[in-house]
Amino acid sequence: MADFGAREEEKDELSNHQGAERRLMIQPTSLEDPKLNKLKEVLVEWINTTLKVEHIVVRSLEEDLYDGLVLHHLLRRLAGVQLHVEEIALSTDVQLRKLDAILTALNESLGLNEETAKWNVKLIHSRDLLATLHVLVAIARRFQPDLVLPVNVSVEVIQCEVTKKGIKAGKQTEFITFQSDSCEELERESNKECPIDELFKLEAHKIETVKKAILHFVNKNMSSLGLSVTEIDKQFADGVILLLLIGQLEGFFIPLCEFFLCPVGSSEMLHNVTLALDLLIDRGLPVQAIDPQDIVSQDVPATVKVLYYLFKRHKYK
């Protein structure tokens, strides 16, 4: 009897462990972190740009991804994964089945299993922000590695574990994006020489070839506005075409009251170019080192560098 009782006690202990429910909840104060909000903005913009042709618009990561529709379209468009699931899942049961199929396919594409993934069907369906961020960052890193995500984004979380014996709780830091070892490493990354800097060390004919490719990209995206660019240095100097191009590529309208449509003098041109670079910085493009005055002064390498980063992000549009 003693031996049977010991086995029963071990069985109960194992049952307690297996039945334990662990949940990570973001500390409310972390939700106000500018880095976290920046990451959310970048991910929303990325999703909307990627799924624009499918007329899908996401406004809230918490509210718009729980039913699987957006994740399904991202997986199909970025990874080419075709799943036989309902397009619109209205009931909870259907949504859960759809999410299970999507996350299973995603985990296989990422080489993860359910135990190592930082998300699951229950978390995504319950609108868990942390799990939703983890899955989106993983998709972006795997299928669109050129997407610039804010680094060192972390949140303070409360880890709760509910067992038959009670609730265990503790605090920890959860990193969502790349964790840099030091500020110096980040500085080195931001100061890496742009390929355009190397380009202008080459022969003139090679420079012209790249300029023509960038011009083709610009004109392709400006044709709907009835605009055409033939001279990179001169036509971007006042910032007007640059702002219109950014609006076309990033999918938003810049109110005319925000810039000078017909700038007079270098100060108004500088205002336009500065606004354009600020918009690009806000969207994660590494143009901090570019001096707006260089573009106003018709500096070709500076102008081409800005256009190169836009080309790199939107070349498949």
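1. Secondary structure. The chain contains 15 helices and three strands. The model is a predicted one, and the points below should be read accordingly.

2. Burial and contact range. The chain has 317 residues, and 42% of them count as buried. When contacts between residues at least 6 apart in sequence are considered, 61% of them join residues at least 24 apart.

3. Packing of α12 and α15. Helix α12, residues 240-250, packs with helix α15, residues 300-314, at an angle of about 15°. Their axes are 11 Å apart. Because angles under 35 degrees count as roughly parallel, α12 is described as roughly parallel to α15. The handedness of the crossing is left-handed.

4. Residues of this contact. On the side of α12, the contact is made by L242, L245, I246, L249 and E250. Helix α15 contributes V306, L307, L310, R313 and H314. By residue class, the contact of α12 with α15 divides into seven nonpolar residues, one polar and two charged.

5. Aromatic pairs. The count of aromatic pairs comes to two. One of them is formed by F217 and F311. Their ring centres are 5.3 Å apart, with 85° between the planes. The arrangement is edge-to-face, because planes over 60 degrees apart are classed in that way.

6. Placement of the F217 and F311 pair. F217 lies in helix α10, residues 204-222, while F311 belongs to helix α15. The two residues are 94 residues apart, and the pair thus links distant parts of the chain. What is the relative accessibility of F217? The value is 5%, so F217 counts as buried, the limit being under 20%. F311, by contrast, has a relative accessible area of 27% and is therefore partly exposed.

7. Surroundings of H314. H314 is found in helix α15 and is one of the residues that make the contact with α12. With a relative accessible area of 3%, H314 is buried. Which residues does H314 touch, not counting those up to four places away in sequence? They are T49, F217, L249 and E250. Of these, L249 and E250 are also part of the α12 side of the helix contact, and F217 is the partner of F311 in the edge-to-face pair.

8. H314 and T50 are 264 residues apart in sequence, and their C-alpha to C-alpha separation in space is 10.0 Å. The residue touched by H314 in this part of the chain is T49.

Methods:
Residues numbered from 1 in each chain as written. Predicted model: local features only at pLDDT ≥ 70, side-chain atom pairs only at ≥ 80, totals over all residues. Heavy atoms only, no water. Axes fitted to C-alpha atoms, helices over the stretch in contact; angles between N-to-C directions. Helix = DSSP H or I, 4+ residues; strand = E, 2+ residues; numbered from the N terminus. Parallel < 35°, antiparallel > 145°, perpendicular 65-115°, else oblique. Left-handed = near helix turned anticlockwise from the far one by under 90°. Contact = heavy atoms within 4.5 Å. Nonpolar A, V, L, I, M, F, W, Y, C, P; charged D, E, K, R; others polar. Phe/Tyr/Trp six-rings, centres within 6.5 Å; stacked < 30°, edge-to-face > 60°. Buried < 20%, exposed > 50% of the residue type's maximum accessible area, 1.4 Å probe, protein only.
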